[in-house]
Amino acid sequence: MARPRQFDPDEVLDRSMREFWQRGYRDTSVDDLVGATGVRPGSLYNAFHGGKRELFLGSLDRYSKLVVPEKLGALEHPGASLAEVRAYFDGLVSDLMSPEGRMGCLMVNSAMELAAEDSEVSKVVRGHMARLERNATRALRNAKRRGEIPPHINPAAKATQLMATGMGLMVVGKTNPGREVLETIVSAAFADLG
(Lines give C-alpha, C1' and ligand atoms only; values in the text may rest on other atoms or scores of the structure.)
Protein backbone atom coordinates (compact mmCIF):
# COMPACT_ATOMS: atom_id res chain seq x y z
CA MET A 1 0.00 0.00 0.00
CA ALA A 2 1.39 3.41 -0.99
CA ARG A 3 2.13 5.86 1.79
CA PRO A 4 0.19 9.12 1.69
CA ARG A 5 2.06 12.15 0.43
CA GLN A 6 3.74 13.98 3.31
CA PHE A 7 4.12 17.38 1.65
CA ASP A 8 2.07 20.10 0.05
CA PRO A 9 2.76 20.23 -3.73
CA ASP A 10 2.00 23.97 -3.80
CA GLU A 11 4.59 24.62 -1.11
CA VAL A 12 7.10 22.51 -3.03
CA LEU A 13 6.40 24.59 -6.14
CA ASP A 14 6.77 27.84 -4.16
CA ARG A 15 10.15 26.78 -2.81
CA SER A 16 11.28 25.40 -6.16
CA MET A 17 10.21 28.63 -7.84
CA ARG A 18 12.45 30.61 -5.50
CA GLU A 19 15.41 28.34 -6.26
CA PHE A 20 14.96 28.63 -10.02
CA TRP A 21 14.39 32.38 -9.70
CA GLN A 22 17.58 32.84 -7.73
CA ARG A 23 19.86 30.37 -9.55
CA GLY A 24 18.35 29.77 -12.97
CA TYR A 25 17.31 26.43 -14.43
CA ARG A 26 20.74 25.06 -15.31
CA ASP A 27 22.41 26.09 -12.05
CA THR A 28 19.66 24.60 -9.89
CA SER A 29 20.47 20.98 -9.15
CA VAL A 30 18.12 18.31 -7.88
CA ASP A 31 20.10 18.48 -4.62
CA ASP A 32 19.31 22.22 -4.45
CA LEU A 33 15.62 21.45 -4.93
CA VAL A 34 15.73 18.71 -2.29
CA GLY A 35 17.43 21.14 0.12
CA ALA A 36 14.94 23.91 -0.60
CA THR A 37 11.82 21.77 -0.40
CA GLY A 38 12.85 19.25 2.24
CA VAL A 39 11.40 16.51 0.02
CA ARG A 40 13.52 13.47 -0.84
CA PRO A 41 14.37 12.91 -4.51
CA GLY A 42 12.19 9.81 -4.82
CA SER A 43 9.17 11.64 -3.43
CA LEU A 44 9.81 14.60 -5.71
CA TYR A 45 9.96 12.35 -8.76
CA ASN A 46 6.81 10.51 -7.67
CA ALA A 47 4.91 13.78 -7.35
CA PHE A 48 6.49 15.49 -10.37
CA HIS A 49 7.04 12.73 -12.91
CA GLY A 50 8.95 15.02 -15.24
CA GLY A 51 11.47 15.71 -12.47
CA LYS A 52 13.37 18.98 -12.46
CA ARG A 53 11.84 20.11 -15.76
CA GLU A 54 8.28 19.57 -14.55
CA LEU A 55 9.11 21.44 -11.35
CA PHE A 56 10.53 24.28 -13.43
CA LEU A 57 7.49 24.53 -15.70
CA GLY A 58 5.25 24.35 -12.65
CA SER A 59 7.33 27.10 -11.06
CA LEU A 60 6.86 29.33 -14.12
CA ASP A 61 3.10 28.76 -13.89
CA ARG A 62 3.13 29.51 -10.16
CA TYR A 63 5.16 32.67 -10.74
CA SER A 64 2.65 33.80 -13.36
CA LYS A 65 -0.26 33.28 -10.98
CA LEU A 66 1.25 34.62 -7.75
CA VAL A 67 4.11 37.02 -8.42
CA VAL A 68 3.16 38.64 -11.73
CA PRO A 69 -0.22 39.98 -10.52
CA GLU A 70 1.54 41.52 -7.52
CA LYS A 71 4.09 43.22 -9.79
CA LEU A 72 1.48 44.41 -12.29
CA GLY A 73 -0.73 45.77 -9.54
CA ALA A 74 -3.44 48.11 -10.80
CA LEU A 75 -2.13 47.84 -14.37
CA GLU A 76 -4.20 44.66 -14.73
CA HIS A 77 -7.43 46.49 -13.87
CA PRO A 78 -9.69 47.36 -16.83
CA GLY A 79 -9.75 51.06 -15.90
CA ALA A 80 -5.95 51.39 -15.73
CA SER A 81 -4.45 54.36 -17.51
CA LEU A 82 -1.12 56.20 -17.83
CA ALA A 83 -0.64 56.51 -14.05
CA GLU A 84 -0.82 52.73 -13.66
CA VAL A 85 1.67 52.14 -16.47
CA ARG A 86 4.08 54.56 -14.82
CA ALA A 87 3.44 53.00 -11.39
CA TYR A 88 4.40 49.60 -12.83
CA PHE A 89 7.74 51.01 -14.00
CA ASP A 90 8.34 52.89 -10.76
CA GLY A 91 7.70 49.60 -8.95
CA LEU A 92 10.27 47.85 -11.14
CA VAL A 93 12.88 50.47 -10.28
CA SER A 94 12.12 50.21 -6.56
CA ASP A 95 12.29 46.41 -6.70
CA LEU A 96 15.64 46.53 -8.47
CA MET A 97 17.09 48.52 -5.59
CA SER A 98 16.78 45.48 -3.29
CA PRO A 99 18.89 42.31 -3.33
CA GLU A 100 15.74 40.25 -3.95
CA GLY A 101 14.67 42.55 -6.76
CA ARG A 102 18.04 42.15 -8.42
CA MET A 103 17.19 38.49 -8.90
CA GLY A 104 15.13 39.95 -11.74
CA CYS A 105 12.00 38.42 -13.16
CA LEU A 106 11.79 34.65 -13.44
CA MET A 107 10.18 35.04 -16.87
CA VAL A 108 12.88 37.38 -18.18
CA ASN A 109 15.62 35.23 -16.65
CA SER A 110 14.10 32.15 -18.30
CA ALA A 111 13.84 33.94 -21.63
CA MET A 112 17.54 34.74 -21.53
CA GLU A 113 18.57 31.29 -20.36
CA LEU A 114 16.28 28.91 -22.23
CA ALA A 115 13.73 30.42 -24.61
CA ALA A 116 15.97 30.24 -27.68
CA GLU A 117 16.41 26.49 -27.28
CA ASP A 118 13.28 25.31 -25.47
CA SER A 119 10.00 25.77 -27.31
CA GLU A 120 7.88 25.11 -24.23
CA VAL A 121 9.68 27.75 -22.17
CA SER A 122 9.55 30.10 -25.14
CA LYS A 123 5.78 29.65 -25.34
CA VAL A 124 5.36 30.43 -21.62
CA VAL A 125 7.56 33.53 -21.89
CA ARG A 126 5.72 34.73 -25.02
CA GLY A 127 2.45 34.34 -23.13
CA HIS A 128 3.87 36.42 -20.28
CA MET A 129 5.03 39.13 -22.68
CA ALA A 130 1.63 39.15 -24.41
CA ARG A 131 -0.04 39.60 -21.01
CA LEU A 132 2.17 42.60 -20.22
CA GLU A 133 1.57 44.17 -23.63
CA ARG A 134 -2.18 43.52 -23.48
CA ASN A 135 -2.44 45.32 -20.13
CA ALA A 136 -0.23 48.22 -21.21
CA THR A 137 -2.10 48.58 -24.52
CA ARG A 138 -5.46 48.73 -22.74
CA ALA A 139 -4.11 51.30 -20.25
CA LEU A 140 -2.65 53.46 -23.03
CA ARG A 141 -5.91 53.27 -25.01
CA ASN A 142 -7.70 54.47 -21.88
CA ALA A 143 -5.11 57.24 -21.50
CA LYS A 144 -5.53 58.32 -25.12
CA ARG A 145 -9.32 58.36 -24.81
CA ARG A 146 -8.99 60.49 -21.65
CA GLY A 147 -6.56 62.90 -23.31
CA GLU A 148 -3.68 61.93 -20.99
CA ILE A 149 -1.28 61.20 -23.87
CA PRO A 150 -0.80 62.85 -27.27
CA PRO A 151 -3.28 61.77 -29.94
CA HIS A 152 -0.55 60.59 -32.34
CA ILE A 153 0.60 57.83 -29.95
CA ASN A 154 -0.21 54.31 -31.15
CA PRO A 155 -1.11 52.50 -27.90
CA ALA A 156 -0.25 49.00 -29.13
CA ALA A 157 3.13 50.02 -30.56
CA LYS A 158 4.00 52.08 -27.49
CA ALA A 159 2.99 49.20 -25.20
CA THR A 160 5.32 46.87 -27.09
CA GLN A 161 8.16 49.36 -26.75
CA LEU A 162 7.48 49.99 -23.06
CA MET A 163 7.34 46.30 -22.18
CA ALA A 164 10.59 45.64 -24.06
CA THR A 165 12.10 48.52 -22.10
CA GLY A 166 10.81 46.96 -18.89
CA MET A 167 12.44 43.65 -19.68
CA GLY A 168 15.68 45.39 -20.53
CA LEU A 169 15.41 47.36 -17.30
CA MET A 170 15.26 44.11 -15.35
CA VAL A 171 18.37 42.83 -17.12
CA VAL A 172 20.29 46.07 -16.52
CA GLY A 173 19.02 46.19 -12.93
CA LYS A 174 20.66 42.87 -12.11
CA THR A 175 24.03 44.66 -12.33
CA ASN A 176 23.00 47.16 -9.61
CA PRO A 177 23.73 50.31 -11.63
CA GLY A 178 21.95 52.59 -9.17
CA ARG A 179 18.54 54.23 -9.09
CA GLU A 180 19.55 57.20 -11.27
CA VAL A 181 20.47 55.00 -14.22
CA LEU A 182 17.24 53.02 -13.98
CA GLU A 183 15.12 56.17 -13.63
CA THR A 184 16.85 57.68 -16.68
CA ILE A 185 15.88 54.60 -18.73
CA VAL A 186 12.27 54.89 -17.59
CA SER A 187 12.11 58.65 -18.18
CA ALA A 188 13.41 58.20 -21.72
CA ALA A 189 10.77 55.53 -22.42
CA PHE A 190 7.99 57.85 -21.24
CA ALA A 191 9.34 61.05 -22.82
CA ASP A 192 6.94 61.05 -25.80
CA LEU A 193 3.88 60.47 -23.64
CA GLY A 194 3.65 64.08 -22.54
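An axis here is a line fitted to C-alpha atoms, for a helix over the stretch in contact, and the angle between two axes runs from 0 to 180 degrees between N-to-C directions. Keep that in mind as we walk through this predicted model.

Let's start with the whole chain. It has nine helices and zero strands, so the pattern along the sequence reads α-α-α-α-α-α-α-α-α. Along the principal axes, the C-alpha atoms fill a box of roughly 70 × 35 × 30 Å. Of the 194 residues, 44% count as buried. The accessible surface comes to about 10,000 Å², and carbon and sulfur atoms hold 52% of that surface. If you take the contacts with a separation of 6 or more, 71% of them link residues 24 or more positions apart.

Now to the helix pairs. Two packed helices are described by the angle between their axes and the distance between the axes. Take helix α4 (residues 51–72) and α7 to begin with: their axes come within 11 Å and cross at roughly 10°. Angles under 35 degrees count as roughly parallel, and therefore α4 is roughly parallel to α7. On the α4 side, the contact is made by Arg53, Phe56, Leu57, Leu60, Ser64, Val68, Pro69 and Leu72. Helix α7 brings Glu120, Val121, Val124, His128, Arg131, Leu132 and Asn135 to this contact.

Helix α5 (residues 82–96) and helix α9 (residues 179–190) give us another pair to look at, packed at an angle of about 160° with their axes 9 Å apart. Because angles over 145 degrees count as roughly antiparallel, α5 is roughly antiparallel to α9. Their crossing is right-handed. Helix α5 makes the contact through Leu82, Val85, Arg86, Phe89, Val93, Ser94 and Leu96, while the partners from α9 are Arg179, Leu182, Glu183, Val186, Ser187 and Phe190. Here the division is eight nonpolar, two polar and three charged residues.

Is Thr137 buried or exposed? The cut-off for buried is under 20% relative accessible area, and Thr137 is buried because its relative accessible area is 10%. Which residues does Thr137 touch, leaving aside its neighbours within four places in sequence? Thr137 is in contact with Pro155, Ala156 and Ala159.

Definitions and conventions: Residues are numbered from 1 along each chain as its sequence is written. This is a predicted model: local features need pLDDT of at least 70, side-chain atom pairs count only at pLDDT 80 or more; totals for chains, interfaces and linings use all residues. Side-chain values use heavy atoms; hydrogens and water are left out. Buried means under 20% relative accessible area, exposed over 50%, partly exposed in between (1.4 Å probe, protein chains only). Contact means heavy atoms within 4.5 Å. Helices (H or I, at least four residues) and strands (E, at least two) are DSSP runs, numbered from the N terminus. Angles under 35 degrees count as roughly parallel, over 145 as roughly antiparallel, 65 to 115 as roughly perpendicular and the rest as oblique. Accessible areas come from the Shrake-Rupley method with a 1.4 Å probe; for residues, only the protein chains shown count as cover. A crossing is left-handed if the near helix is turned anticlockwise from the far one by less than a right angle, and right-handed if clockwise. Ala, Val, Leu, Ile, Met, Phe, Trp, Tyr, Cys and Pro count as nonpolar, Asp, Glu, Lys and Arg as charged, and the others, Gly among them, as polar.
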